[in-house]
Every structure is written in structure tokens, then in C-alpha cells.
Amino acid sequence: MQPLANAMALIGNTPMVRVANLDTGPCELYLKLENMNPTGSVKDRIGLSMIEAAEASGELTPGGTIVEGTAGNTGLALALVAQQKGYRMILVIPDKMSREKIFHLKAMGAEVVMTRSDVAKGHPEYYQDKAAAIAQDIPGAVFINQFGNPANPLAHERGTGPEILRQMDGRLDAVVCGVGSSGTMTGLSRYFAQAAPAVELVLADPEGSVLAEYVRSGHLGTKSGSWLVEGIGEDFIPSIADLSRVSQAITISDKESLLCGRELLRCEGILGGTSTGTCVAAALHYCRAQSQPKRVVSFVCDTGNKYLSKMYNNHWLEDQGFIERRQYGDLRDLIRHPYAEHDTVVVTPDEPLTTAYARMKLYDVSQLPVMQDDRLVGIIDESDVLMAVYGHEDHFKAPVREAMITQLQELTPSDNLDALVAVFQEDHVAIVTEGDSFHGLITRIDLLNYLRRRID
């Protein structure tokens, strides 16, 4: 392959891979690896298409400003193209987006405006409405509006659809796809209507979205729910949406989406994001329901690298109630990082304070148990380190034992929540021990997570 002119030339022509180890019933399931696009998602296709369309129409002029409301991936795509073409990029994103996406956006030079994810279209803080308002206030700014931009589905009608049919050698029975802005489904629908009208289109929809019910009944529900899956599912029908050729809709819960995405990594070695989990779960439902063999395509919509702190983080999944840990019926149930499971970040008394400081930063914790031969001998927090080195920076080389606290206020697993709260009221972290055994620490957020799970 010859060298390409720039990163934009890497967009599209993504690989197709057959699912080898998951149960696909009588069917063959293939996945279009859109995570291989330069910013890691299918949205790179529409980012390039919509900006080039705005340039061609004269709406976007050199050095101009682009504004968009996005669940993250469209923002990354637009930021890449804007960066390469020299435009200012302002993105309004809901506050449920993963940290990895936000870090990625800012690293590419985009300006990020956070807004609420718990409000519906029409509210001034709704991400699309807020983006439109920002664009109006900036002279010459272009509101890209992926939900109403005809260049969005055009990218898939001209690119994604022909690629799929070519890669499948023209032998294709069904495509399972999610809908966010609706560009992928609409573009594929238009292409297959002409090129392969027998191909069945199936909607994969998060539980809480109004789209599945619309496909099933033709009526738009008056109330949507909420969901954690990012990028697909809606509480309205985008103006560019054409769902008329969608034959059925399969609703997938957040739990099934996230766990299916993790299973895809374990069984197939493919690291996909949250919407990938929804699409693959729906595709597996579809395949297993068939009585005759079919060739089915679905999507790895984006890379799971953007969700390492969420769907690939066991602690986050536990907090959401999606995976269960062994329950004891005592304070051990509140320990987020049990020592017996080698999950507690610790330090030894002879290690230097620089090591304690580095581990606090790396693991985003403010205190560390000090362990010697599996025995708790002290605890050190960021205040202890600060007091030890303030005015004497060379003390960073001093051993932890010189700054750690050895007079510990410990709880046993059988202590109640009142005893735990009393420790917090004294501004201490709760240390749970049983004889010589150290079980772990409980922080205020651990207690809040525990209380929140009890109301579900």
C-alpha cells in the first residue's frame, strides 16, 4: 500500500471479519470494523462528508468556525477534519460521555462545552439545542447538525453500503445497525433499496430509546427513558431519518450491551465500545432466531479504548449493578478494592515518599495502606506527604515510615453503618480489619455507591 496524503485519507474501506467463537445459530455473522477509522469510529465518514459539503456550498469559509452537539464520536471525526483543514471546532457534549472521549477531543484542539444528559430536546441545555444557540452567537459559524444534515446519510449511501456489498461478494441477507443521528441506517437503506433490495435491515436499539417502538408500531412514544450506551438511541426521530425499510427492531438493555461488548473482546479479540455491544447483542438475537442459514453483517461502531474507565472497568460495572461481587452482609460489601483480591493499591514503609506520591497520582487515590508482610502497619494520605515535604522537597526521598500514621482507627466487618459514618465525621478513611487480617478501605464515595444501589 502506498503512503497516503494525510489522516483523512484513512477514512473508510474498513475491514470485515467473520465472528468465529460466539453462538450465531445457523447464521454467519460478519462485523464491519469501523473502529479502524483514524479516530476509531464510523463517524469519521460523516465528519468528512459534512464538512466537505459545507465547503462546497460556501457556508464554511477558510478559517471558519464549526459547532456541533455530539455524543462524542461525531465530535472526534469533526475535530480531526477541522484540525486538518484549519477550522475552529466547538463541541457541545452531554455529561454522560466517557473521559477518554473528552481527553481525545481536547488533545485534538477542540473546544468542549459540557451540558446535561438528563434533559430532552427543546430544553436549552439539551446538547443539540445548546450547540445551535452557540453557533448563532458566533458570526459566520456553521452548525453542522448531524441530525438534519443530508451529507450524513450520503456518506453511507456512497461509501459504507457499497463497501459492505463488495466485501460480502454480493451475498448478504441482513444488516443489523443502531441509530443515533440515523445516517448509517438511512444511507444503507437508500443504497440497498437500489443495489440489493432483498437485504433486510434490523434496528438495534438501547432500552429507553423511542426508535424501536416507532419501528414496531409506526407511532412515536411520548416518553423516553435513559440509557448508558453512547451514540445510539434517541428520544426523537431525526429529520434525516428514513426507517421505512427497517423490518424489525430489537431492544437491548444497557447490561446486555455492555456485557456482550466484553464477551466480544474475550471471545473474538475485538475491542468495541458500548454501541458495538448493542449492535452485536441484537445481531446475535437475530441470528439465533433464524431457522435457515443467513449471512448477516453488523458493526463494531467504535473502539473500546474510549470506554476503558466504564464498560471495561469492573468497579464501574459493579456500581451500576451490572456485575455482582461476592456478598458478605457486612462492611466488606462496601470495600471497592479488597486487599485479599490483590486490588488494593498499597505501599511499604521502606519505600520513598516519591513512590507513595506517584501511586496516588497514577491510581487517583488520596490515601494508601502501608503494608509489611501482609500486615497493616500504617496509612499515609496526601496531607501526610505534603506536610513531610513542604519546605523540604528533598524529603521526597525519605521512607514512608517517617510520614505515615500508625495510630489507626479501625473497624471490624461486623460494625454497622453508624460506626462507619462516625469515622467519616472525624475526617478519616475507614480501615476494615479482622484480627491481623486487613480487608481494605472504605471511602465516602464507596458508602454513597452502596446506598445508591440499595434503592434500585
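User: Why is L10 called partly exposed?

Analyst: Its relative accessible area is 44%. Buried means under 20% relative accessible area, exposed means over 50%, and partly exposed is in between (1.4 Å probe, protein chains only). So L10, at 44%, counts as partly exposed. You'll find L10 in the segment before β1 (16-18).

User: What should I keep in mind about the model itself?

Analyst: This is a predicted model, where local features need pLDDT of at least 70 and side-chain atom pairs count only at pLDDT 80 or more, while totals for chains, interfaces and linings use all residues. Residues are numbered from 1 along each chain as its sequence is written, and side-chain values use heavy atoms, with hydrogens and water left out.

User: Is T276 buried or exposed, and how do you know?

Analyst: T276 has 0% relative accessibility, so it counts as buried. It belongs to helix α9 (residues 274-288). Helices (H or I, at least four residues) and strands (E, at least two) are DSSP runs, numbered from the N terminus. Beyond its neighbours within four places in sequence, T276 has contacts (heavy atoms within 4.5 Å) with L264, F299, V300, C301 and D302.

User: Which residues touch the most other members of the largest nonpolar core?

Analyst: They are L31, I164, L172, V175 and F192, in a core of 52 residues. Helix α9 gives the most to this core, with 8 residues. A second, separate core has 29 residues, including I46, M89, M97 and M108. What makes each a core is that buried Ala, Val, Leu, Ile, Met, Phe, Trp, Tyr and Cys residues are joined through side-chain atoms within 4.5 Å.

User: Why do R116 and D118 count as a salt bridge?

Analyst: The rule asks for a side-chain nitrogen of Lys or Arg within 4 Å of a carboxyl oxygen of Asp or Glu. R116 and D118 come to 2.9 Å, N to O, so they qualify. R116 is partly exposed at 36%, and D118 is exposed at 57%.

User: What about E318 and R325?

Analyst: Their side chains meet at 3.7 Å, N to O, so that's a salt bridge too. Both E318 and R325 are buried.

User: Which parts does the pair R401 and D350 tie together?

Analyst: These two form a salt bridge at 2.8 Å, N to O. R401 lies in the loop between α12 (382-389) and β13, and D350 in the loop between α10 (314-320) and α11 (353-363), so the pair ties together parts 51 residues apart in sequence. There's also a network, in which salt bridges with shared partners join K32, E34, R45 and E163.

User: How do you know that β13 pairs with β14?

Analyst: Two strands pair if DSSP finds at least two bridges between them. β13 and β14 (residues 430-434) have 2 bridges and run parallel, so they pair.
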